[in-house]
Amino acid sequence: MTAILIGILCTIGALAILIAAIGILRMPDFYLRLSVTVKAATLGGGLLLLCAAFYFPDEVSVTTKALAIIFFLTLTAPVAAHLIARAAYFIGTEQWKGTVRDDLAGMYDKETHTLGSGKESGGD
Amino acid sequence: MTDNTLIFPVLVHLFTAIVTLFFWRKTVSQRVISIMGSVVAMGVSIELFAKVWTGGILTLQAAGWDAPFGISFVADVFSSSMVLLTSFSGFAVSLYSATGVARGRMLYGYFPIFHFLLMGLNGAFLTGDIFNLYVWFEVIIIASFVLMTLGGRKAQIEGSVKYMAMNILASTFFLTGIGILYGITGTLNMADLSLKIGALENRKLVDITAIFFVIGFGIKSAVFPLYFWLPSSYHTPPSAVAAVFGGLLTKVGIYALFRIFTLIFIPDDFLSTLLIVLAIFTILTGTFGAVIKNNIRRVFSYLIVCHIGFMIGGLGMYSEIALTGALFYLFHDILVKTNSFLIAGLIRKLRGTMNMDKLGGLYAEYPLLSLLMAIVLFSLVGIPPLSGFWPKIYLFEAGFMDHHYLLIGAIIIGSFATLYVITNLWAKVFWKDQTTATGEELLTDDFKPMTRFRKALLVTPIAFLAAITLYIGLGAENITLVVQHIAREMKDPSPYVEAVLGTNVSP
Amino acid sequence: MLAAVLSGLIVSILYIPFGKYLKDRLSICVSFLPIALFAYFASFIPTIRDGGHITFHYPWVPSLGINLDFHLDGLSLLFSLLITGIGSLVFLYAAPYLKGHRYLDRFYAYLSLFMAAMLGLVLADNVLLLFIFWELTSISSFFLIGFNNDNADSRKSSLIALGITGGGGFLLMAGLILMGHLSGSYSIQEMLGANEYLKGHALYGWILALVFAGAFTKSAQFPFHFWLPGAMKAPTPVSAYLHSATMVKAGIYLLARLNPVLGGTDYWMYPLVIIGGVTMLYSAFHSLFRTDLKAILAYSTIAALGILVFLIGIGTPESLLAASVFILVHALYKASLFLTTGVIDHETGTRDVTRLSGLRKVLWPLSIAGILAALSSAGVPLTFGFIGKDLIYEATLHTVGVLPIVLTALALLTNVLVLYAGFLAGIKPFTGPLPQNLTQVHLPNALMWGAPLVLALLGLLFGCLPFLADDALLNPAAHAMLQAPIGTSLKIWHGFNTVLLLSGITLVSGVLLYVIRKPSQRSLASIERFNAWSPRHLFGKVAQYSKAFSRRYTHTLHNGFLRVYLLRIIVFAVLLLAFRLFTGGPIRLTLDQLSPVSVYEIIVAAILIAAIFLAVTTSSRLTAVVATSVIGYCICLQFVFYSAPDLAMTQFSIDTLTVVLFVLVLFRLPPFLNLANRLTRIRDWTVASAFGAVISLIAIQVLNQPFDGAVSRFYGDNAYTLAKGKNVVNVILVDFRGFDTLFEIVVLSIAAIGVFSLLKLRLNASEKE
Amino acid sequence: MEIVLVLLIGILYASGIFMLLRRSMVKLLIGLTLLGNGANLLIFLLGGITKGKPPVIDTAAKLFTDVYADPVPQALILTAIVISFGLQAFAIVLLKRVYVLVNSDDLDDLNTPEEEDI
Amino acid sequence: MNSTILKTASNYLLPILLLFSIFLLLRGHYHPGGGFVGGLIASIAFVLHSFTHGTDATLRLLRIHPGSLIPVGLGLAALSMFAPMLGGQPVMTGLWLEEPLPVIGMVGSALFFDLGVYLVVVGVVLTILFTISQYSE
Amino acid sequence: MTLSAYIDYVILPILGLSLLLVFIRLVRGPSVVDRVVALDLLITIGVSVITVYSISTQKSTLIDVAMILALIAFLGTIAFAYYLEKRGRK
Amino acid sequence: MVKQFLMNLLLAFIWVALTGVLYYTNFLFGFAVGFFLMWLMNRNESDHRYFTRVPKIIGFFLYFLYEMIKANIQVAYDMVTPKFFMKPGIVKYPMNAKSEVEINLLSTVISLTPGTLILDVSEDRKVLYIHVMYLKNKEQFIQQIKDGFERKLLEILR
Ligand code: NA
Ligand code: NA
């Protein structure tokens, strides 16, 4: 019973990761790749860790650790993605030609890297 | 028998280093602690030597785990005398450093690292475990990197990069060798390795493993064609540092070569020939380099290379006489080379340069100092009956015994070059007068304005080492007894093996 | 005896603390030492005359067989007396000569040291002990020649002198050790017993070559002679003492001493006779062209040394007796001439023989000394030189085959030239008119003219009463050289024979030559045209070329490029490993005990390889760092697969930290430039791949070896029961092999301190060291 | 798998050496890292590899009940890794200093002529 | 780095990572982990903090310079190795309390040794990284 | 088919394949940030691989390794971002 | 509120201690029992938010999971099919969220759902810049987030 549950979760997780992998390979620009991979990988990794949590039920610490890793991954992945995306924007990484909109354009202060909201003056 | 005394030389320097770390930025305290630590280290080294000399090989199984399971420490006459010599050199340099090293360097950890280096050296001499030896080597290397770069001048950085690259490569060879050794024997204890390698049928594999050690230690001890780092770097650090390097760093490579190649890999024809050929080229290379250089420390650097060849040659011949000669040379060389670099430093203090063309007039201005230096310099040459003379007798005899005439020729050439180089140095630095050297320009003398106490701190270590060197020369009999004893130990390692593994292990 | 030998040494050491008090007035006191020693050695004369000899033994380095063994026989007594006797006079002479010199104390220190060394040399029974003193004489001579060390020529001469004698010294050392090794002892007395064995040994030639190298360099034989004229840069008393009477005779002494051990063969004789002959003729001829008094004397000294070598080479009893006589003769007249020259130089300020004449009017006691010495050197009857010359002809005539004619002719020619040189030095300055500029010259301190006069008078004394020296000294000396009784004794008158004829011819032609030929700068210039072929020049060339070679060698090898150094190391390693790998047996691999391969492992391995490739080929620094970390992570996965969780953790965290470090440091570094050309890269790849291949092959070899797991089993069995831990790796790290860990964190600590100081420490300009 | 590892080790060594022979100091450091990894893997392989059996005694047990991987090479490699981290950290900072000094990471620019000796 | 999100994240990551590092330190003798890895995690926590808030802020947070942890850690590790010598036992012999303490488990010299390692690693890594980042700032 | 075998023969190869695909992106770049993201993903997949492997071999010990990986990987990415941003500013 | 949560935790631990079964499932069961008991005993009207919030959290979690799987499938489909249907763009999104925690959670949630990714937060914390994969209409997208994640999240947090 547990084994089957684990098998299913495993499979979903692995497929999610595979999708992330395909995504990072196929997506046409950096932001899209990033977008695809962050969640798919977190989902996949989370599911696989959940399997481990189920698989070692008599070792509390293992379950705790598995959950802790999931928690940690979930928390850090978006932060990391945000930072690297920001850096990418600074170094002028190109966007796909099919991109329809860029509200960020011109909003960064070139010197200080502080980001404006466009609402400082006037208050929209 | 287990005896914790064995580890004291390591311990003293470790704690001296730690205590000086606690006194970070308090240079006066650091100096005092360093000198005290060195004195204590000298005391325990003497005690250790006396114990070993009278009571035979001492072993210490760390944490009480029997060999080969724990890390064994072994003090035989060889290692304890190396520890003893290190303590002499270390004391001298520590004393010299008190005034000879810029305060800025002391503020950034000169003394702790210096003691870590000495600790590493002692550890390397005392350990009976090949991987532990690797760790000691790494302690030595990193400490020497830091000492070499401390101050960060361009030449220092250049030297350090070369020194670093080649020494890390050496460590890689060493580590690879250890990996292979473990793979074929399943043990790391050197005594155990001695038995297991001795019993191994596949001699080809043994030789191959040995080659890794030849190269690894060969780089460390600056053997041709692996020596390049040495002349690239030894002229760059502060003289006190160069003194430790010149006196001890390459020697620990030599120590390791002697240890490994008399305990684990007994030189067969292949290894013996290899070592002798390397020795000949090493001597010649050092010779050629030394005769053309104009900077005192560059000259000394090449002389180190040259004289390394003498010792390697002795190891290659692998007869008792040859080993005796090589070991005698090793003992002499440690003290004299340390002192040579201290002298170079003192000269720099006196004149502000180490360029022989710009130097001059020391004999006229500082006759007693010059005399002191002369003793050291002529010991280096091996003017009889000073210390460098005696080992050559053994080496020549050994060479004649086993018909290694080319090696004898090389040693003659090397000795002759040393003579030329040193007398040339003498004539330029001491005899020639200062005005002809630099024309109108008068170089700075940092020595004259010093207080008597500071002057004494600079000169005493040189005199101290010179006195020991003189003792080695004039009291050669005692040294001879020691080195002959060691040579016998080397030719028959079974007492070592039994002391480590316990007597129940049949050789 | 030990005290006698070492007293000079002790005195010279005492000069270090007390020298400054002894400087002027008291310096004369030092002369008591050689005088006392002279008396001491003279006291042995009766014993030696009665055919006895005395040995002394003081242990020093018994395990090496080197002890302070001294042996006093006729030969060493002759030399000891010369050393202390002439030494006394030189000491006395030097006090006024160097009066007021700021380094007078040093001078006496060196001189005492030299005397001790010389005494040790001639008394040592042990060849290595002899060698020790031999080198000490070289060194003290070095300091004495360079005594006026602010003079560049002086420094150069002393370097050349030490270079030649020191170089020969090392060869000699090898030779002596070879002798000792073959005969089983370093004692000369014991070697005497092994002489037949030595002469028959295959290495006999080598022994001779090495010993000759030592003797010839020290005794200034052609082509090593040129250091001696250079050595005339030393103060004149030194020249008189070292470079005519004593040190240069060390080589002669050595040959004489070893004659019974090694001599008596053709290999011994021909080199000595030829080299001695060439030397004597060459340098005697050269003395013709010199105008500097000291140079003239130097060349005639070389000639005399040549004669001595020549005589020892002949090796007959007559020749050995002649040698021992000539040693004394030459020491007396040459030292006297040097000291005379010293006074002339000191008082007139010149040594140019063309500008000196008539000095008898102002320096009359000295002129007696000079003329007597010159006559002795000429071999005029009733001088000691006459006896010496007779014996030389006696010796050359008593050889066999065609040799008598050749050798006698050689000796004759040399003697004529030596006579000329002696006259030039001892007679020319005193005879003739006194030039105007020398009229103010006045007689110096009595010690200065007394010393040469004593020596010259001694020559006259022995010339008239040869038996005074004969039984007591010269016969025993020759006896020692031969190790057999000589059978002849010294006589003033041999009757009318060939020898007398030859002596007459020598005298007549020599005087004729002196009368006809006047020294001039022009003739000096004429000989100097041949300098390009002179041994000095040729040696200089050799030195120059070897320096140039050294420079090229060193700069080629040590060219400053790290990558070249590394390449050499690797090539060396590859060659060595490959050589041993492919000699002695094939390389096999048994596949049956290998573990199976899974897909994911292969994938990880493939990624690893690709990452390596990326790291190596990328042109972006950051990509290289990324690729390196991928490599680290893949290895980490391998560690996970193969049961090393601790390892994986550590590898991973360290790898990440390294990346962080790289990233922090890489700011603003320009991109990689492709700095190597294609050929270099191909070369490097070849070497690198060869190395990788060798490592792989070795790994395969090792895998074939059965593995002994006793140690790891012990750890597994005892980790919990004895060391209270379940993670065996950790237990090993903190317990079984805790030392490794302790010092591994020391490494880290040092690295941290290093980083800290490297980035923060800036020395200010005043902090030099 | 041993064969794969042998191959890997060879490649690691080879590429490490190749990188050592470059002029760039960054490459030199990467080369040293690669060599270090190669050496570690070599020790790991030659000590004998065992799959999926870490040398950790089960929570409940006091002794190993199953075969386990040789812990010795692991301990050695651990030490070696840490040590080479120390060296590497220092080397990387040295690289920084080199760059500050000569404004490039070309090691040839670093060579100081002998005339500048003190 | 001037990022609000990272700042917030690092505020809660720091205690989590520190807690975790102590966990790793204490269990090293039984499971993978130990002083070394524990120290690394702790230093990574502070490094993260310094990335966000700047090195100076982290140094203020630490109160002492991380470098001063090095001698303390070294001293602790060395003493725990050499303490047995005072009792006449071979150097480095493990000394253990008879009974395990709650939570921490068996307490012995090995634990102090590991703690020393932990401190040294934290000191070393932080010294290195902070020195570098201060240098480039 | 046991769970262990399923993981060995299905899940791990899938993950391996993913690793490979991500690695291809890492090699291809084109920008440094692409590589950094690929690296980050590689590590996340690595965490998964280790987790799954620990199930397959029934060694819970390995989860610890996964945990370390997850904790530390974040730092690497941050460092790269830090670097790129700083470099971008100059 | 915190007090209640701690109380609940304490009850869960007591349950675990009583049963002596050190499993996670057991702990969760204990937590649920405790929650139920506390809900039963709660008579204080002013403090009932704890009991509404727990179900809301669970609800939010389920909503999040649903969105995630839905969007994942969409993206997966886009990816395995050769042609891209994407219309990516960066959208400025004015937040209602104010505090650090709110902003962080909101951005985490948005980032973890496929198709959207937070690029940055403006310095004055008024605006999120979101990268959107399928951007048909800016206003519609903003409204969707406002009504979806942000509202639900703020309900829980405030
Ligand atoms: Na550990
Ligand atoms: Na999203």
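Me: Which element of chain A has the lowest mean pLDDT, and which the highest?
Reply: Strand E1 (residues 101-102) of chain A is lowest, at 76. H1(A) is highest, at 89. The pLDDT is the predictor's confidence in each residue, from 0 to 100. This is a predicted model, in which local features need pLDDT of at least 70, side-chain atom pairs count only at pLDDT 80 or more, and totals for chains, interfaces and linings use all residues; side-chain values use heavy atoms, without hydrogens or water. Residues are numbered from 1 along each chain as its sequence is written, chains are lettered from A and ligands numbered from 1, in the order in which they are written.

Me: How do chain A and chain F score as a whole?
Reply: Chain A averages a pLDDT of 82, with 95% of its residues scoring at least 70. For chain F the mean is 87, and 96% of residues reach 70 or more. The model has ipTM 0.94 and pTM 0.93.

Me: Why are H1(A) and H2(F) called roughly antiparallel?
Reply: Take the angle. The axis of helix H1 (residues 2-26) of chain A and that of helix H2 (residues 32-57) of chain F cross at roughly 165°. They come within 11 Å. The axes are lines fitted to C-alpha atoms, for helices over the stretch in contact, and angles run from 0 to 180 degrees between N-to-C directions. Angles under 35 degrees count as roughly parallel, over 145 as roughly antiparallel, 65 to 115 as roughly perpendicular and the rest as oblique. H1(A) and H2(F) are therefore roughly antiparallel. Their crossing is left-handed. That term applies if the near helix is turned anticlockwise from the far one by less than a right angle; clockwise gives right-handed.

Me: Which residues of H1(A) and H2(F) meet?
Reply: From H1(A) come Ile17(A), Ala20(A) and Ile24(A). Their partners in H2(F) are Val37(F), Ala38(F), Leu41(F), Ile45(F) and Ser48(F). By class, this contact holds 7 nonpolar residues, 1 polar and no charged. Ala, Val, Leu, Ile, Met, Phe, Trp, Tyr, Cys and Pro count as nonpolar, Asp, Glu, Lys and Arg as charged, and the others, Gly among them, as polar.

Me: What makes H31(C) oblique to H3(D)?
Reply: The axes of helix H31 (residues 728-736) of chain C and helix H3 (residues 71-102) of chain D cross at roughly 55° and come within 9 Å. That angle makes H31(C) oblique to H3(D). The crossing is right-handed.

Me: Which residues of H31(C) and H3(D) meet?
Reply: Val728(C), Val729(C), Ile732(C) and Leu733(C) face Pro71(D), Val72(D), Gln74(D), Ala75(D), Leu78(D) and Thr79(D). The classes are 8 nonpolar, 2 polar and no charged.

Me: How do you know that chain F and chain G do not touch?
Reply: Contact means heavy atoms within 4.5 Å. Chains F and G have no such contact, and their nearest C-alpha atoms are 13 Å apart. Chain D and chain G are not joined by a contact either. Their closest C-alpha atoms lie 15 Å apart. Of the 13 pairs of chains in contact, B and C share the most contacts.

Me: What is the helix content of residues 37-56 and 68-91 of chain A?
Reply: Residues 37-56 of chain A are 95% helix and 0% strand, with end C-alpha atoms 28 Å apart. Residues 68-91 of chain A are 96% helix and 0% strand, with ends 34 Å apart. Helices (H or I, at least four residues) and strands (E, at least two) are DSSP runs, numbered from the N terminus. An unreviewed UniProt entry places "transmembrane region" at residues 6-25, 37-56 and 68-91 of chain A. UniProt positions use the numbering here, feature names are shortened, and annotations may be inferred rather than shown by experiment.

Me: Where does UniProt place "transmembrane region" in chain F?
Reply: The unreviewed entry covers residues 6-24, 36-56 and 62-84 of chain F. Residues 6-24 of chain F are 100% helix, with end C-alpha atoms 26 Å apart. Residues 62-84 of chain F are also 100% helix. Their end C-alpha atoms lie 33 Å apart.

Me: Which peptide bond in chain B is cis?
Reply: The bond joining Ala67(B) and Pro68(B), where omega is about 0°. Pro68(B) sits in the loop between strand E1 (58-61) and strand E2 (72-75) of chain B. In chain C, the bond from Phe222(C) to Pro223(C) is cis, with omega near 5°. Pro223(C) lies in the loop between helix H10 (204-218) and helix H11 (227-231) of chain C.
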